[in-house]
Amino acid sequence: MWSSTKKNRWKKSSAKQIERRLVRRQKWRFWAGLLSGFALLSTLGIWGGWKAWHWALESPFFALNEIEIEGNQRATKEELVRLSGLRKGENLLQLDEAKAQQAMLAHPWIKSATLEKRYPKTLKIHLTEYREVAVLALGDLYLLDEGGKPFKRIQPGEQIDLALITGVDREAFLDKPEQSQEVLKTALAALRAYKAEHKGTTEGLWELRMEGREVVLLLGSGQEVLLGEAGFEKKLRRLKRIEEELERRQVVAQVIRLNNRVRPERVTLQMAKAAPEKEGIR
């Protein structure tokens, strides 16, 4: 038979269990309500964000109104806009920058292009153009940049005042581009040295002919100067002294060889033949 003490203990124990259950239920309801609130807010946020994005894609607020281009001297803004396919009024958010950039690189003068969206209505285009330093005879005539890349075919009627590089075979250029690139770099190194010796100009230089990897200068005076493969600055300074000495002696050298590999300091001259006397002239 249960005593009254045991009954009280059972009642106290049951009361505590019921109290703990109520506390757990309240906590569960709190967290369930909190999670439900978060879920509702998230749903509303996603829905609101989707509505806002949909509005932005159709809103005239983001319609392209201004195209700013900098860095172009040879390529005109009209040519570049036409190539890129850009249209005023199109939505700036939907504009495909990579596609427009690639399209502008098709212009022969454009070396690189970077597009920058400036919301809400402006597109900024930063361009780098090729800089021509010589003309390359490669079947047709091409403009050559400072890195040795032929980037534009010269069209009939174009007036070009640049040194001409010859002796590069077109088939070899296409079949062995890396080797041909090294040949052109050698040619441009000789050209830079010539300009440095002539105050930044190519005055007096008619043609720069490549014979394998060796450089031959054809001067306006009719002389051929064999420079070899390297050491152009030193050799051109020596050439200047040789020309001054020839002028002092009033003689003309048809060929000046500065390409002796075994004895680089040695210079060989092939003198021009004296013109035959004309009848009746003494």
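Is E224 buried, partly exposed or exposed? At a relative accessibility of 27%, E224 counts as partly exposed, where buried denotes under 20% relative accessible area, exposed over 50% and partly exposed the range in between, computed with a 1.4 Å probe on protein chains only. The structure is a predicted model, in which local features need pLDDT of at least 70 and side-chain atom pairs count only at pLDDT 80 or more, while totals for chains, interfaces and linings use all residues. Residues are numbered from 1 along each chain as its sequence is written, and side-chain values use heavy atoms, with hydrogens and water left out.

An open sheet is formed by 3 strands in the order β1-β3-β2, with mixed pairing; strands are DSSP runs of E with at least two residues, helices are runs of H or I with at least four, both numbered from the N terminus, and two strands are taken to pair if DSSP finds at least two bridges between them. The edge strands, each pairing on one side only, are β1 (66–70) and β2 (110–118). Neighbouring strands of this sheet are turned by 20° against each other on average, direction ignored, the axes being lines fitted to C-alpha atoms, for helices over the stretch in contact, and angles running from 0 to 180 degrees between N-to-C directions. Strands β2 and β3 (residues 122–129) run antiparallel and are joined by 8 bridges, and A113 stands opposite L127 in β3. Helix α2 (residues 77–84) packs on the sheet and touches β1, β2 and β3, its direction making about 120° with that of β1, where contact means heavy atoms within 4.5 Å. Helix α3 (residues 97–104) lies across β2 and β3 and runs at about 150° to β2.

A search of the whole structure finds 15 salt bridges, defined by a side-chain nitrogen of Lys or Arg within 4 Å of a carboxyl oxygen of Asp or Glu. In one of these, K124 pairs with E68, the closest N and O atoms being 3.4 Å apart; because K124 lies in strand β3 and E68 in strand β1, this pair ties together parts that are 56 residues apart in sequence. K124 also forms a salt bridge with E70, with the closest N and O atoms 3.6 Å apart, again linking distant parts of the chain, as E70 lies in strand β1 and K124 in strand β3, 54 residues apart. E68, E70 and K124 are thus linked in a network of salt bridges, within which K124 is buried at 13% relative accessible area, whereas E68 is partly exposed at 28% and E70 is partly exposed at 36%. Elsewhere, the side chains of R209 and E224 meet in a salt bridge (3.6 Å, N to O), which links strand β8 (residues 205–211), holding R209, to strand β10 (residues 224–228), holding E224, across 15 residues.

The count of aromatic pairs comes to 4, with rings of Phe, Tyr and Trp (its six-membered ring) pairing if their centres lie within 6.5 Å, and with planes under 30 degrees apart counted as stacked, over 60 as edge-to-face and the rest as tilted. The rings of F61 and F62 have centres 5.0 Å apart and planes at 90°, so this pair is edge-to-face. F62 and Y119 likewise form an edge-to-face pair, at 6.1 Å centre to centre and 85° between the planes. Because F62 lies in the loop between α1 (4–58) and β1, and Y119 in the loop between β2 and β3, the latter pair ties together parts that are 57 residues apart in sequence. Ring pairs link F61, F62 and Y119 into a cluster, in which F62 is buried at 14% relative accessibility, while F61 is partly exposed at 45% and Y119 is partly exposed at 46%.
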